[in-house]
Amino acid sequence: MESRTLGIMDAILRQLRDILSEINALEGASHVLTWDQFTYMPTSGASARGRQASALKRVIHEKSTSADLGKLLDAAANFLPQMDPDSDDASLIRVARRDFERASRVPDDFVERFSSHTSVSYMAWAEARAADDFSVVAPFLQRSIDLSREYSGFFPGAAHVADPLIEHSDPGMSVATIGPLFGELHRGLLPIVRDIAARSQPEDGFLYHHYPKKRQIDFGAMVARRFGYDFERGRQDMALHPFSITLGVDDVRITTRVKEDDLWEGLSSTLHEAGHGMYEQGIDVMLDGTPLASGASSGVHESQSRLWENLVARSLPFWECFFPLLQKQFPESLQGVSVDAFYRAINRVEPTFIRTDSDEVTYNLHVMLRFDLEVQLLEGKLSVHDLPEAWNERMHQDLGVCPESPNYGVLQDVHWYCDHVGGAFQGYTLGNLMSAQFFAAALRDHPEISAEMALGRFNLLHGWLTRKIYRHGRKFSDDKLVLRATGQPLTVTPFLDYLKNKYSALYGLAANA
Ligand code: ZN
């Protein structure tokens with residue numbers, strides 16, 4: 001580029017970065033409010049917090065859709081053809097422009113209507129849960145579906161009514177790309193689930209003995225630190241529904257919950273959130289303060305939490321190192337339990353009604369059920385009235401269990417009752433598929449990773465993830481990130497291979513299961 005053109009481009013990029021950095025700072029501030037709300041805020045603070053959060057949200061929305069920003073983005077986009085598409089600057093222009101266009105398409109009055117609807121819908125869901133009665137929330141769910149369809153209509157040209165909703169959390173994904181992947185996964189999972197159901201179950205009663213809270217928290221934090229979660233640039237607090245949240249690249253917080261009569265619940269939740277946290281802590285500092293300083297999508301984010309929670313912390317090499325330490329922490333409950341018995345117990349596979357309680361084999365069947373039903377609801381092929389029965393029938397077909405009441409079925413997850421219908425579930429399963437594909441690629445590059453894990457070291461794995469995934473933030477779309485990191489597009493094969501190998505050994509399944 002000529003020096004005059006370069007000068008103009010630099011000036012535009014500087015102005016653009018200034019505006020985006022201010023928006024990013026306001027978003028960080030709204031995250032402080034959210035973090036406080038779900039950790040330390042007294043319940044009586046709810047109404048003041050509601051006002052503060054929505055005032056901030058309004059300012060962020062105004063700035064994110066301002067005409068000035070639009071003009072700068074258009075001017076910057078003129079330089080894209082001459083730029084390296086993988087550079088930080090080109091990625092910033094591309095991603096910021098996409099965010100701007102998406103935010104601008106949705107009218108302010110819709111945002112307000114939707115937000116006031118979801119707060120009443122959430123309350124109706126809480127009432128329905130208390131009464132274990134779906135009919136209490138059914139009319140609100142119908143309205144959520146109508147509003148979700150209306151939202152989708154702001155993106156004309158979408159091939160499917162669910163696509164704009166999916167695109168919102170998993171850019172580049174659609175019903176057309178997810179449908180075949182999920183179909184193949186579903187066909188691959190059913191025989192494994194059925195084969196395991198016919199086998200005898202390992203003993204896991206010792207997981208439900210008394211495990212004092214403080215000692216559980218200390219152990220979880222010690223493992224998270226060994227994984228590579230940096231407590232100097234983050235912290236851990238208690239929350240009813242654990243989450244991780246980013247206030248800035250150097251302030252990424254995690255939360256957990258601990259039950260004294262369930263050892264795996266707290267530990268797995270801590271390590272899951274540490275995975276989310278390490279992802280955001282690993283983002284290149286050069287991206288800090290820009291819209292690129294965040295995870296690529298809900299699928300990629302979930303791949304990072306599940307990788308540490310399942311591929312690492314549910315593996316035998318990991319426990320060969322950490323089980324003696326866990327035993328020392330809880331001698332009353334774990335004395336006399338072998339590492340093998342512990343490994344079998346935390347990998348017990350058993351169909352359950354509840355998604356969040358399910359094991360890594362059956363989990364994705366819960367997710368795909370929700371995905372398929374929400375697509376049918378949006379298409380108008382399934383009515384709200386028929387939803388509970390469709391849910392129960394599918395549970396019975398896939399998992400052989402039938403929920404006794406709505407609380408164990410259609411009312412169990414809050415997602416449909418506090419947000420759009422569509423777009424919220426696919427990321428969980430995409431994440432599981434990616435976690436296995438990333439882990440297999442890391443092992444190909446560094447076969448010593450398993451031996452390192454057995455010594456309680458994770459530098460190679462953490463370093464690989466940082467180079468291939470963490471540091472890029474939102475620079476690349478899911479398909480590009482997966483291709484760059486693993487050399488292949490996303491497929492179900494690594495995940496199904498992982499399950500078959502692991503559970504054939506655990507349950508003595510036929511090799512061709
Ligand atoms: Zn997660």
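**Legends to close-up views of the predicted protein chain**

**Figure 1. Overall architecture of the protein chain.** Of the contacts (heavy atoms within 4.5 Å) in the protein chain with a separation of 6 or more, 73% are between residues 24 or more positions apart. This is a predicted model, in which local features need pLDDT of at least 70 and side-chain atom pairs count only at pLDDT 80 or more, while totals for chains, interfaces and linings use all residues. Residues are numbered from 1 along each chain as its sequence is written, and side-chain values use heavy atoms, with hydrogens and water left out. The protein chain contains 22 helices and three strands, taken as DSSP runs numbered from the N terminus (helices H or I, at least four residues; strands E, at least two). Its C-alpha atoms fill a box of roughly 75 × 55 × 50 Å along the principal axes. Buried residues account for 54% of the 513 residues, where buried means under 20% relative accessible area, exposed over 50% and partly exposed in between (1.4 Å probe, protein chains only).

**Figure 2. Packing of helix H1 against helix H3.** Two packed helices are described by the angle between their axes and the distance between the axes. For H1 (residues 3-37) and H3 (residues 67-77), the angle is about 135° and the axes are 10 Å apart. Axes are lines fitted to C-alpha atoms, for helices over the stretch in contact, and angles run from 0 to 180 degrees between N-to-C directions. H1 and H3 are therefore oblique to each other; angles under 35 degrees count as roughly parallel, over 145 as roughly antiparallel, 65 to 115 as roughly perpendicular and the rest as oblique. From H1, Ile12, Gln15, Leu16, Ile19, Leu20 and Ile23 meet Leu69, Leu72, Leu73, Ala75 and Ala76 of H3. These residues comprise 10 nonpolar, one polar and no charged (Ala, Val, Leu, Ile, Met, Phe, Trp, Tyr, Cys and Pro count as nonpolar, Asp, Glu, Lys and Arg as charged, and the others, Gly among them, as polar).

**Figure 3. Packing of helix H18 against helix H21.** H18 (residues 426-445) packs with H21 (residues 478-486) at an angle of about 25°, their axes being 9 Å apart. The two helices, H18 and H21, are therefore roughly parallel to each other. H18 contributes Met434, Gln437, Phe438, Ala441 and Arg444 to the contact, and H21 contributes Asp478, Val482, Ala485 and Thr486. Five of the contact residues are nonpolar, two polar and two charged.

Figure 4. Ser435 belongs to H18 and counts as buried, at 1% relative accessibility. Beyond its neighbours within four places in sequence, Ser435 is in contact with Ser303, Arg306, Leu307 and Leu311. The C-alpha atoms of Ser435 and Val300 are separated by 8.2 Å, although these residues are 135 residues apart along the chain.

Figure 5. Asp170 lies in the loop between helix H7 (163-169) and helix H8 (175-197) and, at 0% relative accessibility, counts as buried. Not counting residues up to four places away in sequence, Asp170 touches Ser297, Ser298, Gly299, Gln426, Gly427, Leu430 and Asp478. Asp132 is placed in the loop between helix H5 (108-131) and helix H6 (138-153). Its relative accessibility is 27%, and Asp132 therefore counts as partly exposed. The phi of Asp132 is near 50°, a positive value in a residue other than glycine.
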